[in-house]
Amino acid sequence: MSLVNLTINGKAVSVPSGTKILEAAKKVNVKIPNLCHLHMDEINMVNQCASCRVCMVSAGRGLVPACGTNVKEGMVVQTNTPQALKARKTVVELLLSDHPKDCLSCDKNGSCELQAIAADLGIREVRFSGEHSTSPTDYSSKSIIKDNDKCILCRRCETMCNEVQTVGVLSGVNRGFNTEVGTFFNADMADTECTFCGQCISVCPTGALTEVNNIPKVWDALNQTEKTVVVQVAPAVRVAIGEEFGLEPGAISTGKMVAALRAIGFKYVFDTNFAADLTILEEASEFIHRLKEGKNLPILTSCCPAWINFIEGNYPDLLNLPSSCKSPQEMFGSIAKNYFGPKVINTDPKDMYVISIMPCVAKKYEASRSELGQGDSLDVDISITTRELAKMIKEAGIDLVNLEEESFDSPLGDSTGAADIFGATGGVLEAALRTAYEWVTDSELENVEFTQVRGMEGIKEASIDIAGTIVNVCATSSLGNARKIMDEVKAGNSKYHIVEVMACPGGCVAGGGQPYHHGDYDIVKKRAAGLYNIDSSKQLRKSHKNPAILALYKEFLGEPYGETAHKLLHTHYFDKSNVYDVVEECSCSKEAEASAE
Amino acid sequence: MNKIVSFDNLKKLASELKPALELREHFTKENLVKRDILVCGGTGCSSSDSMQIIENLKSEIKKAGLEDHAEVQLTGCFGFCAKGPIVKVYPDNVFYVQVKPEDAEEIVQEHILNHRVVERLLFEEPALDNKKVERHDEMSFYKKQSRVALRNCGHINPENIDEYIGNDGYLALGKCISEMSPKDVISEVKASGLRGRGGAGFPTGVKWESTSQTPPCQKYVVCNADEGDPGAFMDRSVLEGDPHSVLEAMAICGYAIGSDTGYIYIRAEYPLAIERLKVAIAQAQESGVLGNNILGTDFNFNIELKYGAGAFVCGEGTALMHSIEGKRGEPRMKTYSSSKRGLWQSPTCLNNVETFANIPAILNKGASWFNSYGTEDSPGTKVFALGGKVNNVGLVEVPMGTTLREIVYEIGGGIPDNREFKAVQTGGPSGGCISAKNLDTPIDFKSLSSIGSMMGSGGMLVLDDSDCMVNIAKFFLEFTVEESCGKCTPCRIGNKRLLELLTKICDGKGCEQDLVDLKDLATTIKTTSLCGLGKCAPNPVLSTLEYFYDEYEAHVKEKKCPAGKCQSLLDYVITDACKGCTKCSKVCPVGCITGKPKEKHVIDSSKCLKCGACMSNCKFNAIIKK
Amino acid sequence: MCDFVSRNKQLFEELDSFIDSLQTKDGALIQVLHHAQGIFGYLPKEVQLHIAKQLNLAPAKVYGVVSFYSYFTTEPRGDYKISVCLGTVCFVKGSDKIMAEFEKQLGIKAGETTKDLKFTLEGLRCVGACGLAPVVVVNGKVYGQVKPEQVSEILDHYKELELSC
Ligand SMILES: Cc1cc2nc3c(=O)[nH]c(=O)nc-3n(C[C@H](O)[C@H](O)[C@H](O)COP(=O)(O)O)c2cc1C
Ligand code: SF4
Ligand code: SF4
Ligand code: SF4
Ligand code: SF4
Ligand code: SF4
Ligand code: SF4
Ligand code: SF4
Ligand code: SF4
Ligand code: FES
Ligand code: FES
Ligand code: FES
Ligand code: FES
């Protein structure tokens with residue numbers, strides 16, 4: 001590719017043709033504010049609408065948007081001419097003139113890109129005022145709050161939901177001043193095909209899309225002294241929570257996090273990892289079972305609730321394929337309430353609260369699914385995100401960075417390295433292979449690292465020889481990639497035996513409840529690397545070698561994939577393909593009645 | 001209809017068909033034995049029942065047994081819609097105005113049978129002291145006009161391809177595909193200097209060339225017939241009156257750039273134009289001048305209609321393409337040009353209807369003939385929809401370089417009711433206002449933009465002293481705010497704020513700071529909006545601010561609307577009709593009405609709240625707003 | 001069953017046969033919507049959902065397109081569509097007053113439909129009959145040089161038409 005030479009604020013730079021001014025400016029460390037633009041090459045997300053107009057710079061005769069303008073040979077770019085500064089300021093003033101400016105009580109306070117730009121540009125007054133485009137905030141779902149009043153129409157969410165996730169819940173609707181990002185006939189999010197993957201949240205620059213705030217519920221639970229509050233933490237949380245406290249992305253903060261949780265007041269601080277190991281035992285058994293029968297293949301992993309929503313909505317005739325295993329969050333809840341409570345600490349499940357800390361907003365929804373529990377008692381009572389935990393720690397005035405490290409409680413806090421890698425795409429598959437291999441071949445697996453299925457690639461595949469049988473496996477992340485695989489499966493063209501699906505591109509490390517990465521996927525990569533580091537530093541790296549798990553089976557569950565396991569650890573799925581098919585109430589029968597009278 | 005299988009075949013047919021049209025071109029004693037009666041079937045005239053006129057004329061002719069002596073033809077808009085319905089009788093070339101269906105009998109009896117002109121239906125030319133004139137070339141409305149794009153409108157029957165062919169139709173296409181290389185065609189168009197008539201004035205030949213230079217692949221020719229400017233109907237008239245010229249030009253363009261597919265993106269609100277296009281496409285296909293193996297060559301070209309759905313912004317090229325693709329009509333950044341990646345990501349050449357309508361004439365008569373009209377900067381002619389406060393409202397086509405004064409006062413016949421000229425607004429919602437001081441500006445792309453207006457698509461609105469310029473700016477902004485696609489911040493929010501400021505000013509709530517903010521905001525919107533709609537939306541504001549600042553000042557400082565248009569700025573005044581009943585002074589909340597019983601009362605307007613209570617309580621209608 | 005879909009089975013079939021006749025479904029959305037509005041008179045939820053399924057599009061995208069273009073409507077329209085031209089020429093000739101008069105007499109705002117589904121009132125930008133400004137169009141019939149006083153006359157005409165049939 002040919003190189004183009006230009007100057008930006010007097011600094012010479014050469015970049016490949018087709019580069020945008022914004023990117024070229026980064027090379028010479030010139031910062032140009034931007035709001036709508038978002039490129040994440042790792043996951044093929046390109047939001048190039050050039051619509052916010054806060055990145056205007058002077059080039060040649062007039063102003064151009066840096067994010068949408070190709071560099072040209074000999075171009076002279078000035079990012080700080082009075083004209084450019086004024087234009088940017090005015091544009092931000094305009095955005096603010098149609099914005100609630102509720103920063104102090106906004107979920108996004110402190111991590112809002114609009115707020116930051118307003119501060120950086122030195123906005124001290126908003127000269128324009130007038131009508132606001134408003135619509136009621138959508139609190140309908142368990143996972144996502146959609147507050148269109150705070151939306152700046154960057155359309156990042158729309159691109160994410162349509163192009164990357166291919167779910168298509170969101171679209172620009174109406175036009176002109178009334179334009180908003182909306183759903184089909186403005187249906188509540190809870191009544192749409194939304195999978196609650198939360199990826200729209202993770203790209204939204206403002207507080208227009210946020211998670212449902214469950215923090216008050218957690219404080220409330222902690223306040224009820226008659227209840228036993230048990231907390232579990234998902235693997236991806238421990239390598240991301242530190243970011244909220246100034247630590248490097250990927251920094252392993254397990255010990256400090258556990259200490260913080262105790263300081264907050266949780267009685268038992270447990271690890272979802274324990275349940276991840278348990279999941280592997282169940283899922284590997286189920287796989288071996290299906291492989292032997294040669295039926296219901298490929299087996300599809302079921303630990304990601306957004307993915308489960310996706311398959312229920314889009315492939316209702318393939319619901320025989322996902323593993324019937326509950327997700328680790330739910331398995332944990334079930335074991336906590338049905339084993340740990342009654343059998344270990346002599347507590348009735350009714351007197352227990354199981355709280356989960358997840359990188360995920362779909363987990364909030366999952367926790368509310370009525371079939372995931374025994375009777376009235378749900379397996380998990382409250383789920384909060386990594387971000388919410390960070391807020392609680394701050395709220396409680398805990399200095400996370402300087403805490404002494406502590407360990408999880410036993411036994412539901414014990415896990416192997418196989419569980420840690422659940423948080424990165426390919427991890428579940430790798431963990432399952434470690435166990436399935438040893439079980440089928442009855443020999444020890446020397447090299448436990450299946451590097452073919454690691455990394456940010458959206459679809460990764462490998463063929464593994466297990467006792468003479470070639471097992472074709474695939475790990476895929478993002479729902480768009482899942483759709484590709486599923487279309488093949490549906491058409492009968494798939495060669496796979498096992499497919500791992502994670503809804504978030506990159507896996508839970510990039511979950512919708514994680515600290516905001518603001519489009520920098522290096523952050524996500526570092527988190528994943530953190531998880532692999534934990535794994536490789538652990539003694540035990542195979543789920544079926546977890547002594548606590550083995551004890552659990554021995555004392556309580558019996559056989560993996562056995563009867564008790566089925567009752568407590570497995571679930572079933574529903575056809576959700578007709579979310580919008582409303583059967584309207586029949587009015588003619590009423591009319592007929594009326595006329596008969 | 002037989003398929004025309006070669007260029008020679010076409011030429012022969014054309015020469016056979018020509019005599020039928022001769023009637024309309026030459027008047028001789030000999031050809032007076034038969035008359036052609038042309039009735040306007042444009043939207044204006046057909047909405048005043050011109051179709052019924054055709055019916056009645058036909059039946060009267062039949063009744064009188066004059067079938068061999070007269071034939072009735074439907075035709076396109078003559079441009080003089082204000083005086084429609086228009087009926088023109090050839091070969092003696094008599095121009096009847098405001099004809100009613102019941103006039104058919106008299107026309108047939110008097111004109112056809114007795115060779116006597118129906119005086120009562122003639123136009124009274126104001127420039128000649130309202131003398132009745134027979135021929136259109138005696139009318140000042142037509143004197144300064146030169147018809148290139150509109151050459152066939154009001155001249156041929158748009159629903160009959162033979163008439164088009166008889167008037168040199170499809171000869172240009174035949175010549176191109178049989179005798180010229182695509183390069184030759186492009187050089188000829190380039191040499192003509194034709195600039196796009198859709199608004200931006202981009203050189204057409206250059207556009208064709210750059211589309212032709214992309215590697216061979218599926219390419220598209222698109223005709224922009226979205227014409228959404230409120231108050232403009234040039235393109236519609238061309239399509240209604242001469243659809244084949246556009247089809248022919250699109251095929252020529254297809255040949256030049258290497259495309260076999262054309263789309264016409266047309267407003268769904270133009271039913272007549274759509275109908276005529278459908279008829280024309282069917283006839284052209286049947287005749288072998290459209291479709292596969294045109295005129296026996298291996299050149300194929302097919303045209304499909306695509307309908308807009310009520311969004312002005314879809315006239316913008318990239319939005320238009322999104323709309324054809326079935327998406328929301330939001331424009332995109334022009335990071336790459338449509339001639340490289342346009343419709344369906346394929347090279348696409350987009351031109352306006354009027355631009356296309358010029359093409360066959362250019363290729364038939366040559367580039368130098370074409371640029372003998374107009375100026376160096378802007379060769380050729382331009383069609384305008386002249387409207388507002390002028391005597392002769394209608395469609396006019398003049399050589400570029402004609403001055404505004406000539407258009408308003410000569411062609412337009414000046415301002416009605418002896419009012420005073422105030423401004424001309426050109427370019428519709430994207431354009432600006434031109435004040436009396438610039439009336440002698442020649443109309444071409446460069447001159448118009450140098451005085452803060454623009455050619456736009458050709459709306460030309462004349463305003464008199466009863467029009468408030470602030471109110472006019474507000475009117476246009478209301479339009480752009482309603483039509484903004486909502487994609488980018490400056491246009492979505494900025495234009496809304498501009499409108500709110502203008503509304504505030506018109507409501508008498510403005511202050512001087514508002515004028516500063518208005519200008520500042522307008523300038524920023526202009527420089528930061530994503531597409532032409534947003535960029536040009538502030539033009540009406542900026543140009544009125546420049547030329548009519550005093551009117552703005554009057555609104556904010558004295559809270560007065562000099563033109564008396566802004567309702568909230570009017571004063572309540574008691575007229576001589578007052579009987580002194582004292583009712584009003586009793587209801588006035590601030591007690592600013594004084595007067596003795598049975599005597600005329602007076603309002604102290606410095607205290608008046610403009611609540612209107614007095615007015616609605618006066619039984620004698622003695623209180624008015626002024 | 002008597003929900004919208006089964007009540008209008010024939011219309012849906014008509015729509016489907018149009019969709020089946022298309023050479024390609026790519027980009028056909030607006031074309032299909034035009035056709036559907038022609039069949040149903042408007043584009044209710046059920047119709048949009050059906051089109052989304054047939055064209056393999058996300059329902060939200062279909063709604064996004066429908067709500068973008070003012071030609072499309074999701075509400076049933078009146079038997080008589082009264083369009084008052086608010087184009088430039090008509091505006092300077094006082095069409096805003098005509099509109100106000102219609103609004104007053106019909107008791108609805110521009111864009112709305114009377115309760116009895118008889119009249120829909122809307123503003124329109126230039127019908128191309130500017131020579132006759134101000135212009136009102138009722139179901140395709142053009143009234144030129146309309147004065148506010150004529151409004152009741154026009155309305156009465158259509159009310160009577162209704163009575164006589
Ligand atoms: C908001 C907007 C509306 C437009 N509307 C039209 C239109 O109705 N008809 C048209 O021919 N061009 C319109 N244009 C101009 C087109 O973008 C484009 O320049 C033109 O069709 C190109 O054809 P030309 O080169 O033959 O003029 C519009 C542009 C903008 C920005
Ligand atoms: S979205 Fe951002 S700018 Fe808006 S209120 Fe929240 S923090 Fe403040
Ligand atoms: S930043 Fe300003 S507005 Fe916000 S809390 Fe501080 S003083 Fe108040
Ligand atoms: S949560 Fe996921 S599926 Fe739901 S709207 Fe957001 S991106 Fe789309
Ligand atoms: S909701 Fe957020 S991501 Fe979506 S358009 Fe609005 S501001 Fe952008
Ligand atoms: S990938 Fe992980 S974070 Fe994302 S939705 Fe699935 S479970 Fe939640
Ligand atoms: S300028 Fe207006 S019409 Fe153009 S893209 Fe921006 S919002 Fe849309
Ligand atoms: S109410 Fe009318 S007539 Fe009576 S005093 Fe007032 S203006 Fe005069
Ligand atoms: S308009 Fe109201 S305030 Fe003014 S004079 Fe009449 S009654 Fe008094
Ligand atoms: S970041 Fe460039 S326009 Fe939004
Ligand atoms: S419509 Fe008849 S003269 Fe214009
Ligand atoms: S501008 Fe406000 S009325 Fe004159
Ligand atoms: S502006 Fe009303 S018809 Fe043209």
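## Report on the predicted complex

Chain C has a mean pLDDT of 90, with 96% of its residues at 70 or more; pLDDT is the predictor's confidence in each residue, from 0 to 100. Helices (H or I, at least four residues) and strands (E, at least two) are DSSP runs, numbered from the N terminus. For the complex, the predictor gives an ipTM of 0.93 and a pTM of 0.93.

This is a predicted model, in which local features need pLDDT of at least 70 and side-chain atom pairs count only at pLDDT 80 or more, while totals for chains, interfaces and linings use all residues. Residues are numbered from 1 along each chain as its sequence is written, chains are lettered from A and ligands numbered from 1 in the order in which they are written, and side-chain values use heavy atoms, with hydrogens and water left out.

**Sheet of chain A.** An open sheet of 4 strands in chain A has the order β14-β21-β20-β19, with mixed pairing; two strands pair if DSSP finds at least two bridges between them. Its edge strands, each pairing on one side only, are β14 (299-300) and β19 (459-466) of chain A. The pairing of β14(A) with strand β21 (residues 498-502) of chain A is parallel, over 2 bridges, and A:I299 has A:I498 in β21(A) as its bridge partner. Helix α15 (residues 479-491) of chain A lies across β14, β19, β20 (469-477) and β21 of chain A, at about 145° to β20(A). Axes are lines fitted to C-alpha atoms, for helices over the stretch in contact (heavy atoms within 4.5 Å), and angles run from 0 to 180 degrees between N-to-C directions.

**Helix packing.** Helices α10 (residues 328-345) and α17 (residues 547-557) of chain A pack at about 75°, with axes 12 Å apart. α10(A) is therefore roughly perpendicular to α17(A), a class that covers 65 to 115 degrees. A:I335, A:N338, A:Y339 and A:K343 of α10(A) meet A:L552, A:E555, A:F556 and A:L557 of α17(A).

**Ligand shells.** A residue belongs to a shell if one of its heavy atoms lies within 4 Å of the ligand. Ala, Val, Leu, Ile, Met, Phe, Trp, Tyr, Cys and Pro count as nonpolar, Asp, Glu, Lys and Arg as charged, and the others, Gly among them, as polar.

| Ligand | Residues by class |
|---|---|
| Ligand 2 | 4 nonpolar, 5 polar, 2 charged residues |
| Ligand 4 | 10 nonpolar, 2 polar, no charged residues |

The residues around ligand 2 include A:H99, A:D102 and A:K150. Those around ligand 4 include A:C161, A:C194 and A:F196.

Note on methods
Angles under 35 degrees count as roughly parallel, over 145 as roughly antiparallel, 65 to 115 as roughly perpendicular and the rest as oblique.
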